[in-house]
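Hi everyone, thanks for coming along. Please bring the model up on your screens, and I'll walk you through a few parts of it.

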Amino acid sequence: MKGILALVCFLPCLTSGAHLSFPGEGEQREVPSFYSVSDSEIKSISEMLYSADVNKATSSEIILNLQHKISSDQTSAGQDYAKQKLFSYVDEDALFSKPTFARLLALLNNYERMTGKEEVVTASERQEMDAFLDEIFKTRVMEKLSQFFLSTGIYLSENDFKADLKEMWFGLYSRSKGAAMDSSGFEHVFHGEIKSGKISGFHSWVHYYEREKNGEINYLSYSYNGPWTGYPDIMAFQYSWTGYLKSIGSFFIGSSPEFELAVYTLCYKTRPNKLCTLSLGGKSAQIQTYSWPNSEYGAGKRYLASSYPNSP
């Protein structure tokens, strides 16, 4: 009888959309067993996302000049071992004309990189944000991820997923102890920030390429090159951005914006604040995610603080 009463009490919460403790929505919360996602399921869906990424670069569309590899104990020195740029060639006509790439590029000039300075989001910038999300949700990558989240009960509808993704990635919070609403997960991961005199975040190969092309980035060396022979690949570099150092910057290279957002969101929702092991083209990769602990949205949900490929 008690079991029946418990079920009756639970069902209204489920059907009315009341808040439940889904994976990644708060710290130190136990995920109910019927929403848990196994390691094998994560590997399976990540392979599906990898296969669905039809907008990724081909081997002829990006040519890298890696030059000098350094050891892990040399990464913090900031020494310049590279005489040339990292990107020797990117086929911008082929890649950046694709709708999701074009929408990403439109967003990348909307941010103030210095923490402590208020982010003012204009009506035009909100339209660009919505256009980006609308475009990526048209792709097979996001279709596959949406289906997975609905099948596992993490979200009840695609609209719920899309609305939550927008808030977790684009919702503003303060990295300056409340001095300014100066950051978001998207800004941190895809654009990059300057905090305490160093580069913080900055894990988008597209933004890296744009800044290097404009003469703002000085490529120094690399410390990791993943086992993939085509794109997307995972690599870690050392570089400076107008004089600010990034001692280890890990990136997907050649991936589409929708693929990066999808795998980061997958790991954030299923393995928040942990290493998340994926399978991409039969090879293992790990994503590290972090939630922002000092503020929340909705009913106890946490904004995404960072997500990036782990480089051994």
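Which residues do ring pairs link into a cluster? They are F87, F96, F101, F202, W205, Y208, Y209, Y219, F237, Y239, W241 and F251. Before going on, a word about the source: this is a predicted model, so local features need pLDDT of at least 70, side-chain atom pairs count only at pLDDT 80 or more, and totals for chains, interfaces and linings use all residues. Residues are numbered from 1 along each chain as its sequence is written, and side-chain values use heavy atoms, with hydrogens and water left out.

Back to the rings. Rings of Phe, Tyr and Trp (its six-membered ring) pair if their centres lie within 6.5 Å; planes under 30 degrees apart count as stacked, over 60 as edge-to-face and the rest as tilted. The structure holds 33 aromatic pairs. One of them is Y155 with F161, a tilted pair with 5.1 Å between centres and 35 degrees between the planes. Both Y155 and F161 are buried, where buried means under 20% relative accessible area, exposed over 50%, and partly exposed in between (1.4 Å probe, protein chains only).

W241, from our cluster, also has the charged end of R113 over its ring, 4.7 Å from the centre. That label applies if NZ of Lys or CZ of Arg is within 6 Å of the ring centre and within 35 degrees of the ring normal.

Now for charges meeting charges. Side chains of opposite charge can pair when their charged atoms come close. For a salt bridge, we ask for a side-chain nitrogen of Lys or Arg within 4 Å of a carboxyl oxygen of Asp or Glu. There are 11 salt bridges in the structure.

Take R103 and E135, whose closest N and O atoms are 4.0 Å apart. This pair links distant parts of the chain, 32 residues apart, with R103 in helix 4 (residues 99–107) and E135 in helix 5 (residues 123–136). Helices here are DSSP runs (H or I, at least four residues), and strands are too (E, at least two), numbered from the N terminus. R103 is partly exposed at 37% relative accessible area, while E135 is buried at 14%.

How far apart in helix 9 do K213 and E210 lie? They are 3 residues apart, about one turn of the helix. Their closest N and O atoms are 3.3 Å apart, and a network of salt bridges links E92, E210 and K213.
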